[in-house]
Amino acid sequence: MKGAAGLWRFLLSELKPKGSLFTPFNLVSVPIMIAAAVILYIRFTHGLSAVTNLSQEVPWGLWKGLNVVTGVAFAGGAYVVTFLVYVLGQKRYHSIVRITVLNGFLAYVFYAGALLLDLGRPWKVINPIIGNSFGVSSVLFLVAWHFMLYMMAAFVEFSPAVAEWLGLRRLRRTLAALTLGAVVFGVTLSMLHQSGLGALFLMAKGKIHPLWYSEFIPLHFFVSSVFAGLSLVIFEGTLSRRVFRSRMSEEHHAHHDDIVLGLSKICAATMFAYLFLKVLDLVHGQKTGLLGTPMGHWYLVEIVGFVLVPMALFTEAVRWRSLWLAKTGAILTMLGIVLNRLNVSIVGFRWTEPVRYVPTPYEVVVTLGVIFAEIWVLRWVINRMPVLSESPAWVREEAAQPAIAERVAA
Amino acid sequence: MNRRGFLKTLGLAGATVACPRMSGAAEPESGVEPYGILVDTTLCAGCNSCTYACAEANGLPEPEDPEAVTKPTTDQWTAVKTWKTSKGDVSVKRQCMHCVSPACHSACLTSALDKTAEGPVVWREDKCMGCRFCMISCPFDGPKFEYSSTKPRIRKCVMCADRLRKGGEPACVENCPEGALTFGKRGDLLRTAHKRIADQPDKYVDHIYGEREVGGTSWLYLAGVPFEELGFPTDVGEKPYPELTASFLYSVPMVLTLAPALMLGVARATHRDEDETAGEAANDGAANGGEEERS
């Protein structure tokens, strides 16, 4: 292990950017992040009304609807992939565990963190945590606690990579031993807060258009978080193969096609289940008559164009082993998730009001700024830690030993 | 840390997260019979005396043009709107309904919105973090939020909770010149209202708004025309709103206990297989990279 001073110097040197600063991504993202920071300064010095279009009728806007509700759905890949690898023992997905967990963890940090920007009284955010005022009958209480605990679980899942980066051998072994526990805990929490995000809207009955309101909305949110998360994994993998080609291990390259097609299969299956739930809700809730209205057409666009079509694409992708079809399916699915979450939280919310909520450009800039900030941190970590690349040699040498010991004992 | 240690932690965390009090405090536990206010819209003249009295009693800015304000706002907790109905103009005072089982209280993750035993639903400044989930959940749009403030508060009628505690009446009731507002125990008010309907069946529709809506509200309304004509939400149902989330919350402890057990079992089963075949199971630290030599 390095000395403390050595470690410090190492950390300082790692803060420096790697690669060119003037990439197209940087040129777009930096001005937006700066603008977002300015807008947030105004928001905190002049109140929410200075930059948002929120009203007494529509108290949750783009920051909650897109960053929190949609962003967290996309983070669902982490619990699905860790479940596959550590609980079901599907080792072929092993090479994408770290990138997925990292993505999930950062999504929670930034998107659940975006909640703070939207809170009117953020200095009181500690209240539901320290227990001087537990609102235990609140779905939001549950969601907030699960966000927090899940962030910890996801960090534990990712932490061996940090230890490898810092060269902390003993710590790595301890952290690695926690992985299964963290995964099991994390999957449980994810099931509950993905559905919990849907349950937030249960009491908005009568405010949300009946085509999007359902007593089964927690189940809809949970099931759709599976294919939302996996579609992001597929999409993200495509980008990574271009952007981080040099950082990618051979294992990662070798398994890429199989992984994409395997995930496509899971997407297709869960989307089928989701469609079934939606049709059930439509028929059982006697809402089919609403399909002829303008909102009904919009509903059909979402369900047919962005669930049924990508489901078919995924199915065909598996059949023809076509990566291209799988990736198209993933992109359509992601758009569908954005549509669905915004339809529930914004478009279908108070659909009868004469003055509809439309986000201000400021709200849009902040939303983009949060997303870019997450990508910046993601990129910083990928460029330094063994996320896509192989673990250092010492890790693999060590990994062989306990297995041998266990076999002897058995 | 081993599996057992982990399970212990899980148990502790589960106990804190998984045992919510399920319903949103529907029944008064103290045995105090809650108060209510009966509004007889057939008597209301729309004079806005209640609006002025409310502002004075609660330290709100004096209403400049209360007739222009048709919905309660952050600065004007009571609003009288005149509706064109099948029986001519009818004025209706609206404010927070002070539900018997308030959605806002059950929604609030810090218990900032508190249902008092006497009936009023009050907001507690030291608790609230400004998430506005109460506003999403309230079927009557009761809570209003100060968007333009850097220290925003939730503002709404508090049914003069302080005056009630001192044995007084809400300011609006005290200052109504037409006797359209009656203060009393909710049970008594319901009896009064039913009697009025029975005595003058031609004057009133046979419906007390708030008797059963959303499980009952502290504010009760009598009217001569159907309540749809007066802008009352008639699709809110008779189930208390907190029950809409109750079944979800009930399932939480179950998932928290069953899912980990199931998953650990499955993991154990699949990993034992691997011990015999691949021999690489114990160290699960997600070491990146295959077993092959690096080039």
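Trainee: What separates the centres of domain 1 of chain B and domain 2 of chain B?
Mentor: Taken over C-alpha atoms, the two centres are 43 Å apart. The bounds, from an automatic or database domain assignment, are 35-241 for domain 1 and 242-274 for domain 2 of chain B. Keep in mind that this is a predicted model, where local features need pLDDT of at least 70, side-chain atom pairs count only at pLDDT 80 or more, and totals for chains, interfaces and linings use all residues. Residues are numbered from 1 along each chain as its sequence is written, while chains are lettered from A and ligands numbered from 1 in the order in which they are written.

Trainee: And how many residues does the contact take from each domain of chain B?
Mentor: Six come from domain 1 of chain B and four from domain 2 of chain B, with contact meaning C-beta atoms, placed from the backbone, within 7 Å.

Trainee: Switching to the largest nonpolar core: which residues touch the most other members?
Mentor: V72(A), Y108(A) and L140(A), out of 198 residues. Such a core is a set of buried Ala, Val, Leu, Ile, Met, Phe, Trp, Tyr and Cys residues joined through C-beta atoms within 7 Å. A residue is buried with 20 or more other C-beta atoms within 10 Å of its own, exposed with 12 or fewer, and partly exposed in between, the C-beta atoms being placed from the backbone. Helix α8 (residues 139-166) of chain A gives the most to this core, 17 residues.

Trainee: Why does the core lie between domain 1 and domain 2 of chain B?
Mentor: Because both domains of chain B give residues to this core.

Trainee: What is Y108(A) in contact with, leaving aside neighbours within four places in sequence?
Mentor: V72(A), A75(A), F147(A), Y150(A), M151(A) and A154(A).

Trainee: Now the chain B sheet: in what order do the three strands come?
Mentor: The order is β8-β1-β9, in an open sheet with mixed pairing. Helices (H or I, at least four residues) and strands (E, at least two) are DSSP runs numbered from the N terminus, and two strands pair if DSSP finds at least two bridges between them. At the edges sit β8 (181-185) and β9 (219-222) of chain B, each pairing on one side only.

Trainee: In which sense do β1(B) and β9(B) pair?
Mentor: In the parallel sense, over four bridges. Across that pair, L38(B) stands opposite L220(B) in β9(B).

Trainee: Last one: is S13(A) buried or exposed?
Mentor: S13(A) is exposed, because it has 8 other C-beta atoms within 10 Å. This residue is found in helix α1 (residues 4-15) of chain A.

Methods. Contact = placed C-beta atoms within 7 Å.
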